[in-house]
Amino acid sequence: MTTLLISHPSSLQHATPTGHPERPDRIRAVERALEDERFATLQRVTAPEGELAQVELCHPAPFVQGVVAAAPRDGLVELDADTTMSPGTPSAALHGVGAAVLAVDEIMTRRAANAFCAMRPPGHHAESKRAMGFCFFNNAAIAARHAQQAHGAERVAILDWDVHHGNGTQEIFWNDASVLYASIHEMPLFPGTGAASERGEHGTIVNAPLRAGDGSDAFRDAYESAILPSIAAFQPDLVIVSAGFDAHWRDPLANINLKEQDFAWATQKLMELADRHAGGRLVSILEGGYDLEGLSKSVAAHVMALMRG
Ligand SMILES: [Zn+2]
């Protein structure tokens, strides 16, 4: 079975202010990296536009309608200091949801081995009723709920290795024993949440914070001692990765010093775990990563590992 690569041109139509790190060139850099002949066997799929009902799996309808309605007819509008909408933002955000849902459909029905959604804007800072941190709709959270509602998955694990804590995903599943949220991130750093003491109502939130300046050794220690065992014990039916690549040493928004090989290693370890506990079912969704070279090399390493290359 093959690895799916899901993308859509609308990812390029969500504009941000000049100098903003979350910019269309991120997707162009990822696409260029995945054009290499090593990736010729990827099954390339165009994302559909997500339906409002799918977004509403994790966000109340008035919030969803409010986000769509907030987009300007031209120019840019700020939702907060970090989070800006352009005319193309609703389409980009909804296609991001559509990509995540399609990935779940394809993986849960065994039409592909695993999937990577190369889309923007990212999602893991989006709380149920709040867009923030470059994010509007929480793609990974929606994917988890969709796996449960459409495919009967009982337990879904979300592993978030973006360098920032996924406060949105944590908020959405804080009271939900059927979804494990496990995050490894730099702290203190935006958004300020993610202490190890934050465990959720049912102990299904697992936070493994790293310190500024940490590198491969600290990351791998935390990954093997806290993250992977918690997922294995949870026995998920599906593993979703909030795959941000801003813990790369080149990234300007954080100070964790991973190399692209660390993302390949983390992917391989997670695939071994998914093989043992989740029938190999794994869906990966792009989150952050703001240095174009660090991002593109890290995505290439991650996707190559997904292809078992
Ligand atoms: Zn991030």
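With that, I placed Phe-134 in the loop between β5 and α5. I note that the model is predicted.

**Entry: Phe-134.** I checked its backbone. Phe-134 is not a glycine, yet its phi is positive, about 75°. I looked up the general rule too: most residues other than glycine have a negative phi. Is Phe-134 buried or exposed? Its relative accessibility is 12%, so I count Phe-134 as buried, the cut-off being under 20%.

**Entry: other positive phi values.** Gln-235 has phi near 55° and is not a glycine either. I found Gln-235 in the loop between α7 (216-234) and β9. Its relative accessibility is 37%, so Gln-235 is partly exposed.

**Entry: cis peptide bonds.** I found a cis bond between Arg-120 and Pro-121, with omega about 0°. Pro-121 sits in the loop between β5 (114-117) and α5 (139-151). Another cis bond joins Met-187 to Pro-188, again with omega about 0°. I placed Pro-188 in the loop between β7 (179-186) and β8 (205-210).

**Entry: the whole chain.** I counted nine helices and 10 strands. The C-alpha trace spans about 50 × 40 × 40 Å along its principal axes. I compared the radius of gyration with the globule rule. For 309 residues a compact globule would come near 19 Å, and the chain has 17 Å, which agrees. Of the 309 residues, 61% count as buried.

**Entry: helix α4.** I took residues 89-108 and tested the length. At 1.5 Å a residue, the 20 residues should span 28 Å. The end C-alpha atoms are 29 Å apart, which agrees. Then I checked burial. In α4, 18 of the 20 residues are buried, so the rest of the structure largely encloses this helix.

**Entry: aromatic pairs.** How many aromatic pairs does a search of the whole structure find? It finds seven. I followed Trp-161 and Phe-245, whose ring centres are 6.4 Å apart with planes at 65°, so this pair is edge-to-face. Trp-161 lies in the loop between β6 (156-160) and α6 (167-173), and Phe-245 in the loop between β9 (238-243) and α8 (260-277), so the pair ties together parts 84 residues apart in sequence. Both Trp-161 and Phe-245 are buried.

Next I took Phe-245 with Phe-263. Their centres are 4.9 Å apart and their planes at 70°, so this pair is edge-to-face. Phe-263 is in helix α8, 18 residues from Phe-245. Phe-263 is buried, as is Phe-245. I therefore wrote down Trp-161, Phe-245 and Phe-263 as a cluster linked by ring pairs, each pair having its ring centres within 6.5 Å.

I also noted a charge over a ring. Arg-250 lies over the face of Trp-249, 5.7 Å from the ring centre.

Entry: Asp-162 and His-164 are both buried.

Conventions: Residues are numbered from 1 along each chain as its sequence is written. This is a predicted model: local features need pLDDT of at least 70, side-chain atom pairs count only at pLDDT 80 or more; totals for chains, interfaces and linings use all residues. Side-chain values use heavy atoms; hydrogens and water are left out. Rings of Phe, Tyr and Trp (its six-membered ring) pair if their centres lie within 6.5 Å; planes under 30 degrees apart count as stacked, over 60 as edge-to-face and the rest as tilted. Helices (H or I, at least four residues) and strands (E, at least two) are DSSP runs, numbered from the N terminus. Buried means under 20% relative accessible area, exposed over 50%, partly exposed in between (1.4 Å probe, protein chains only). A charge sits over a ring if NZ of Lys or CZ of Arg is within 6 Å of the ring centre and within 35 degrees of the ring normal. The expected span of a helix is 1.5 Å times one less than its number of residues. The radius of gyration is taken over C-alpha atoms; the globule rule is 2.2 Å times the number of residues to the power 0.38.
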